[in-house]
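Hi,

Here is the structure I promised to pass on. Have a look at it first, and then read my notes below.

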Amino acid sequence: MKKLVLLFFTYLICFTNVNAQGPNEDQLGAWYMYFYNTTFKESNWGIQGDIQYRDWRGLGDREQLLLRSGATYSPTDSGVKFTLGFANITTGQYGIDRDSPVSENRIYQEALFSNSILKRLLLTHRFRYEQRWVEDQDFRTRYRYNLFVNVPFNNTNLVKNTYYLAMYNEIFINGEREIGNGREVAFFDRNRTYLGLGYVIKDNLRVQLGWMEQTTNNWQKGQLQFSIHHTF
């Protein structure tokens, strides 16, 4: 765990000293993320959400600030969690002198369920449908599917003091091509592929450090990801 923390701060120092001003697909960015969820006592209801700060170069050149939260419902004995939520996203441009942020509000519906293979291969499937109101664009929708894979090293589940390998792949598909004023986007929006290491501090708290590559029609860029996952 100490090695992971040392690696994280080494990367951070390197990124904040980079002086490139324009788009640079070879420049590794960084995302800092906090995920939370809870269930209300013994009921089927709860809340979940996340706070994310994303930076083009590590710190100092905002890519996005994302605030998202939703109400969850898990039908009894179904193994599925449904979410209805809202998100606010502020997106900046490449370059510390070219922020010009664009705001977006988003409503989303989500279904989440898990299964395991060979005891240690822990899979989670997430289907998400988004309705998006992006500044200076027509109303848009988007479909997302994410497959998360966690592989514990020293236990069969993610319990206290467990080290694990974390992977995911998520694909994004636009619901519409026309976004207003004669502009169009492709049906394929982007793909994200992630590989990282995690540690379970307590049964309800774990941390991850990893690398994610994001691919769009216009660019492909790597991102360092540091995340905290909290159940309370």
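Let's begin with the order of the elements: from the N terminus on, the chain runs α-β-β-β-β-β-β-β-β-β-β-β-β-β. That is 1 helix and 13 strands. Helices (H or I, at least four residues) and strands (E, at least two) are DSSP runs, numbered from the N terminus.

A word on where this comes from: it is a predicted model, in which local features need pLDDT of at least 70 and side-chain atom pairs count only at pLDDT 80 or more, while totals for chains, interfaces and linings use all residues. Residues are numbered from 1 along each chain as its sequence is written, and side-chain values use heavy atoms, with hydrogens and water left out.

Now the whole chain. Of its 232 residues, 41% are buried; buried means under 20% relative accessible area, exposed means over 50%, and partly exposed is in between (1.4 Å probe, protein chains only). Among contacts (heavy atoms within 4.5 Å) with a separation of 6 or more, 51% are between residues 24 or more positions apart.

Next, how do the strands pair? Two strands count as paired if DSSP finds at least two bridges between them. S12 (residues 205–215) and S13 are antiparallel, with 11 bridges, and they form a hairpin with 4 residues between them. You can find Thr-215 across from its bridge partner Gln-220 in S13. S13 (residues 220–231) also runs parallel to S1 (residues 29–39), joined by 9 bridges. There, Gly-29 stands opposite Gln-223.

On to the charged side chains. How many salt bridges does a search of the whole structure find? There are 14, where a salt bridge is a side-chain nitrogen of Lys or Arg within 4 Å of a carboxyl oxygen of Asp or Glu. One of them joins Arg-144 and Glu-130, with the closest N and O atoms 2.6 Å apart. This pair links distant parts of the chain, with Arg-144 in S7 (residues 140–152) and Glu-130 in S6 (residues 121–134), 14 residues apart. Arg-144 and Glu-130 are both buried.

Asp-189 and Arg-190 form another salt bridge, at 2.7 Å from N to O, and both residues are buried. Salt bridges that share partners make one network, whose members include Glu-130, Arg-144, Asp-189 and Arg-190. Arg-177 and Glu-184 also meet in a salt bridge (3.7 Å, N to O). Arg-177 counts as partly exposed because its relative accessibility is 38%.

Asp-189 has a polar partner as well: its side chain is 3.4 Å from that of Asn-174 in a polar contact. That term means a pair of N or O atoms within 3.5 Å; within protein, one must be able to donate a hydrogen and the other to accept it, and residues adjacent in sequence count only if both atoms are side-chain atoms. Asn-174 is in S8 (residues 163–174). Is Asn-174 buried or exposed? It is buried, because its relative accessible area is 3%.

Finally, the surface: Leu-84, Phe-86, Ile-107, Trp-133 and Phe-139 make a nonpolar patch of about 490 Å². Patches are made of residues with over 30% relative accessible area and no salt bridge, with like charges joined within 9 Å and nonpolar side chains (Val, Leu, Ile, Met, Phe, Trp, Tyr) within 5 Å. Phe-86 sits in S4 (residues 80–91) and is partly exposed, at 43%.

Cheers

Terms used:
Accessible areas come from the Shrake-Rupley method with a 1.4 Å probe; for residues, only the protein chains shown count as cover.
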